[in-house]
Amino acid sequence: MKSKRLWVIGCAGTLAGLGLLVALAATQAAAMPQGPAGQATAGPTENGAPPTWAHDVAPVIYTHCTTCHHQGGAGPFSLLSYADAKRWAPQILNVTQSRFMPPWLPEPGYGDFADVRRLSDSDRALVKRWIDTGVTLGDAKAAPPAPQYDNTWQMGKPDLVLNVAQPFTLPAGGTDVFRNLILPYPLKQTHYIRAMEIKPGAPQVVHHANVLVDRSAAMRHAHPDDWQTGIPGMELFVDAGNKFDPDSHFLFWKPDTPALVEPEGMPWRLDPGNDLILNIHLKPSGKPETLDAEVGLYFTPNPPVKQPMLLALERDDQLDIPAGDAKFVIEDELTLPVDVDVLGCYPHAHYLGHDMQGWATLPNGEKKWLVWIKDWDIDRQSVYRYREPLFLPAGTVLHMQYTYDNSAENPHNPHVPPVRVRAGNRSEDEMGHLWLQVLPVNTQAGAPDPRLKIEEAWMRRRLENTPDDQVSLYNLASALAGQGKYAEAAEEFEANLKMTPNDARTLTALGAAEEGAGQVALARASYGRAIALGKPADSAGCDARFNLARLGVRHAEYAEAEKEFRGLLAACPEDAETRSGLGAALLGAGRTDEAAREFHRALELDAADFTALYNLGVIAADAGQTEQAAGLLESALKAWPASPDAHEKLAMVYAQLQRLPDARAQLRAAAALTPDDAQVHSSLSQVLAAMGQSEDAFAEQKQALKLNPQDADGWNNLGAMLARGGQTEAARSAFERALQIEPDHAQAKANLARLAARN
Amino acid sequence: MRSNSGSIHMKLPVPLAFLMFLSSAMWALAATRFGTDLRGQPVHDLAIPGTRAVVLFFAASDCPLSNRYVPEIARLTQEFGPRGVRVWWVYPNPGDTAEVVDKHNRAYAISGDSILDTNQSLVKLAHATVTPEAAVFVVEGKTLREVYQGRVDDRYISLGQERPQAQHHDLELAITAALAGKPVPHPQGPPVGCSIVFLPK
């Protein structure tokens, strides 16, 4: 069993995984009038008749305004009828000319975004002329039908609806409110989420919302007595759980995009014990508003085939803005270690942010803009998704440069007179983040998760900025361990422990790194220290016990391991890994039927549990159920594509099924992952020989023997290949070498005799 | 909507006798009909005996900025009511019928006195242009003298430009000055909100 159990602390910042901005839901899109957004409608010329509602203006309003401005929508009033538009004409004129509406901050030409809400110059001029010339109705019968909006789920009945524990009541007045509402995920199985729809309960007061997946329910556990009412605060900082599982999606809700539909192959995941945190920005309306937020989730049975990642440029450590400073600049940069497609960005600051720039400098010196906001406004913040993925090759340097205005002239300044402002969680503190959603591309099959390289580069950069940042140090060590650089990882964890000597979690992670580096005694000691420090049922204690039990399985101490796993199930929350770990202990002890039961239970908890899938595959293969074994091992590899054992085992199964090219592919994947494993090269040689590829087969066998010269079978096989090729002398010495190692090697003896007879 | 004009129309305090004849900013009490209350009864008296100042708050049930000022006006009513200030919620828009306003006032827990300014005479007398906007009158014998007209405070600079909280409470300062018999300061910026829907002339 090979599952990793390393800890990674997420630095979710303001974010959560946020969703992509998504096309408007079907019911709205269907009702859209002719003329795509942003395109000038066929209006009259300056010299012609005045524009009319029916012919010219209604299409613009229906395309750009009514997704929010309808009865029950997020906009404060409806603009669905001519009468509505006439009533609000002075405001429409004002806000379209000032570009306050529709809300869109990025400067055109600096990042090519999808779903641009900015009104085209021609539409803007049209609206102005319509109002200046007296809001003419025109031929009412010729007006396009108004779009239909209703309050039902846009995508039909969700597979699961989550509710807040208690409705939150927003006071009638006062400053804006930033609140984190916690919605526990109640299911006992893992699900992949292809779409999410949020009904905040009072859309008119919700400016925007970020949804964060709290993998370890850390925020709920940190507020045991009052989490039901929500936790105040603008930024979130939660624990990302115990696997390398970076936040990957922008789950960002804004009023006109209630449903967040993920691209094909990129669902996100919820595990038992996860919480969703709804991080909302609320604007009091004048009367108390009750938010009874609901989140609708739509499942897909298919795990992701593309794994994006969120990363941030940020210099919160430099945010120390003197009172009155109107041009305070922070900058950050990060060199990409792998090729990526950038899918979206989320610039974020609080009230003092003014000019926000993000760009990329390619290795060839070319500059590509990510985003430029010239007059930041927190009220209109958004995630921006690129129209086409923006490809950036490895070696590209990402830059951010944010300018803050802490003068009295900045109307958004929360302090009058201005005061010194530093980074912090309250809205009157500041932040400076540029989040990017990146998807590694041109990745090597079977290589470690390329996102680990990004994580490593990101955390190294953060440590350059703030050398004492323990979270970065911890994450760096975890990223190293995830790439199999265990000795380096152990060193970084040791450095981390110098800062926090008695942290059970870091000790557990250190133990895992030591274990990976082959230092079993040290690993045992580290786990032991962690268990002694932690309370029996706390998460660090549970993980140390899990790792110790797993160590038992790995070292064939099955009885002890079984005892540990059963203790774990009694004291700690049941999870798939513990069940499959127990299964592995039972399987090791030869209790196959009992083991299979545990693996099946594990799969009920998490259908993608690698250990259960892999071992059930092995059980099936041993029982001669080859087809079934192939299916299970294929699923296991979907759950963990970088498992050399699963590749190797699947190759053997394919070979039995006479699927030799498939077997060869699996062994090559295994060899790429563990190039120093002699057995893999030896097996590959056998498969190649069976396929008639003698030269390749010979090369692989030589490679295997170079790695393990004491393999009598290998020398025998090499001799057989040489003999078939007519190289008698070389064959003879190979057989003799086999017999030197194993004097009673029957096949080598027989081969040598046959060779002698041939002459 | 005035946010871009920057111009502020103020009635400066001028000699009483002069105003009596020339300015609409001073009326004889109980001489005019000031719209109707929510039961449809005409309102004749803006100031009951003992009233020292009258505040008109121009509101619209469907204007979000007007609605956001409900708690602030309620606060000022509570603060200044006991000191002889009568606050009226004036609804000037034709769409704000008794039924609409009644429902709105219940939703926003507005307990103050409301007037439907059906003929927009109060709009004209106060020179109001948007909601939310306020006017302050001091009671001088049987007449009212307008001493302030404009924004409530400086939270909104224009549509889309908002301070996290108000820093300058123009209306409150005006009422305080009026009660103290001191010169009433001008508002320091234009009112921001929704245009009053004017009746056809």
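This report walks through the predicted model of chains A and B, from overall layout to local backbone details.

## Overall layout of chain A

Chain A holds 24 helices and 22 strands, and its C-alpha atoms occupy a box of roughly 110 × 60 × 50 Å along the principal axes. Of the 759 residues in chain A, 52% are buried.

If we take the contacts in chain A between residues at least 6 apart in sequence, 72% of them link residues at least 24 apart.

## A helix pair in chain A

Two packed helices can be described by the angle and the distance between their axes. For helix H14 (residues 576-588) and helix H16 (residues 610-622) of chain A, the axes come within 8 Å and cross at roughly 30°. Angles under 35 degrees count as roughly parallel, so H14(A) and H16(A) are roughly parallel to each other. The crossing of H14(A) past H16(A) is left-handed.

Which residues make the contact? H14(A) contributes Ala576(A), Glu577(A), Ser580(A), Gly581(A), Gly583(A), Ala584(A) and Leu587(A), while H16(A) brings Thr611(A), Ala612(A) and Asn615(A). Sorted by class, the contact has 4 nonpolar, 5 polar and 1 charged residues.

## Where chain B touches chain A

Moving on to the interface, 26 residues of chain B are in contact with 22 residues of chain A. Several elements of chain B each supply at least two residues to the side touching chain A: helix H2 (64-68), helix H3 (70-80), strand E8 (156-158) and strand E10 (194-195). That side of chain B is made up of 13 nonpolar, 9 polar and 4 charged residues.

Most residues other than glycine have a negative phi, and most peptide bonds are trans. With that in mind, a few places in the model deserve a look.

In chain A, a cis peptide bond joins Val416(A) and Pro417(A), with omega about -5°. Pro417(A) sits in the loop between strand E20 (397-404) and strand E21 (421-422). In chain B, Thr131(B) and Pro132(B) are also joined by a cis peptide bond, with omega about 0°. Here Pro132(B) is found in the loop between strand E5 (130-131) and strand E6 (133-140).

## Positive phi in chain B

Which phi value does Gln120(B) have? Its phi is near 55°, a positive value in a residue other than glycine. Gln120(B) lies in the loop between strand E4 (113-116) and helix H5 (121-126) of chain B. With 18 other C-beta atoms within 10 Å, Gln120(B) is partly exposed.

His127(B) also has a positive phi, near 65°, and is likewise not a glycine. The loop between H5 and E5 of chain B is the place of His127(B).

Methods: Residues numbered from 1 in each chain as written. Chains lettered and ligands numbered in written order. Predicted model: local features only at pLDDT ≥ 70, side-chain atom pairs only at ≥ 80, totals over all residues. Helix = DSSP H or I, 4+ residues; strand = E, 2+ residues; numbered from the N terminus. Buried ≥ 20, exposed ≤ 12 C-beta atoms within 10 Å, placed from the backbone. Contact = placed C-beta atoms within 7 Å. Axes fitted to C-alpha atoms, helices over the stretch in contact; angles between N-to-C directions. Parallel < 35°, antiparallel > 145°, perpendicular 65-115°, else oblique. Left-handed = near helix turned anticlockwise from the far one by under 90°. Nonpolar A, V, L, I, M, F, W, Y, C, P; charged D, E, K, R; others polar.
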